[in-house]
Amino acid sequence: MKRFKQIMTIGLLTLSVCIIFVRMIHAETGGRPDLIFAYSSKVFVDVDMRDATAALKIYTEEIGRQLGYRTEINIYDSPDTLIREVQNGRFDIIAITSLDFIRLKNKVELELAVGGLKGGKKSVKYLLLTHKNRAYTKLGDLMHKKLIMPKDDGIAQLFLNTALLRQKYGEINVFFSSIEEKTKVSHGALCVFFGQADACITTDVALKTMTEMNPQIGRDLKIMASSPELITSLSVFRKSLSADIKEKTMNVGKSLKLTQRGQQVLLLFKIEDLIPLHDLDLKNTRDLVNEYERLRGQR
């Protein structure tokens, strides 16, 4: 009986070692992908989520094909998820709003990578538009009026809230009688053009495109306020990612427009190219965040 127990003990130990060994082999051969991409759901302004997911799959596969890497895509909703996964060494390349990057920079180590080129530039100006046939001459004239905003666009809200706080009007939720969000940046300007709203927020790039298609829009709408040039979204690296992978990935991003698959991605996101970003590019956005927080604290 004693001999039997010894044999059983040795057998169980041997089985345990074998299981551990098999798991180690599986982890080495089928474990973590070479590059894990993460995309904030907030960066998909003016883009259908299903189309965006399909395009991102094409983009990451193209990078994997050119570099010989296995890739994976994640879409996350909260900054807390981003912080946790980057700290755990999971996310490697992250698409994030400029606001989240500025606010999370001291909480997690991230390094600027690339941004999108729109209308020949890496930034946009946000515009507050009204119709020329309305007797609005100053910001205060829009009190208790109807506003159209781009859906889930934190930069647009930041710009207008700061403009209102400068003149001590409070923020948009108390200043306007109603606020309606549109998924397309261009829809707000059309609503104002057709008299369905008193004012809207759009971008200079979107307004230029609409005016080229219908010059009457440019003639009938007027700009009540304008932001400085602002970076809205960008891609960053996990700082501890190897320099070699960063360089190779940057090279693929910069050559994206040279491939058919890459052009499909750029077209969907309404950008012309991907270009490197530097800390100075975020100065205006950072200054606006600081001004907003200062004015908000003075109320």
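Modeller: Let us begin with the pocket: on a 1 Å grid over the protein atoms alone, a pocket is an open set of points where a 1.4 Å probe fits, with protein on both sides within 12 Å along at least five of seven lines, and its lining residues have an atom within 4 Å of a point.
The model is predicted, so local features need pLDDT of at least 70 and side-chain atom pairs pLDDT 80 or more, while totals for chains, interfaces and linings use all residues. Residues are numbered from 1 along each chain as its sequence is written, and side-chain values use heavy atoms, without hydrogens and water.

Biologist: Which residues line the second largest pocket, and how do they divide?

Modeller: Its lining includes Ser41, Phe44, Asp46, Lys151 and Lys184. Ala, Val, Leu, Ile, Met, Phe, Trp, Tyr, Cys and Pro count as nonpolar, Asp, Glu, Lys and Arg as charged, and the others, Gly among them, as polar. The lining therefore divides into three nonpolar, two polar and seven charged residues.

Biologist: Why does Arg238 count as buried?

Modeller: Buried means under 20% relative accessible area, exposed over 50%, and partly exposed in between (1.4 Å probe, protein chains only). Arg238 has 11% relative accessibility, and therefore counts as buried. Of the 299 residues of the chain, 45% count as buried.

Biologist: Where is Arg238 placed, and which residues is Arg238 in contact with, leaving aside neighbours within four places in sequence?

Modeller: Arg238 lies in β11, a strand being a DSSP run of E with at least two residues, and a helix one of H or I with at least four, numbered from the N terminus. Contact means heavy atoms within 4.5 Å; with those neighbours left aside, the partners of Arg238 include Arg32, Val86, Gly89 and Glu109.

Biologist: What makes a set of residues a nonpolar core?

Modeller: The members are buried Ala, Val, Leu, Ile, Met, Phe, Trp, Tyr and Cys residues joined through side-chain atoms within 4.5 Å. The largest such core has 30 residues, and Leu160 is one of those that touch the most other members. Eight residues, the largest share of this core, come from α5. A second, separate core of 27 residues includes Leu35 and Ile271.
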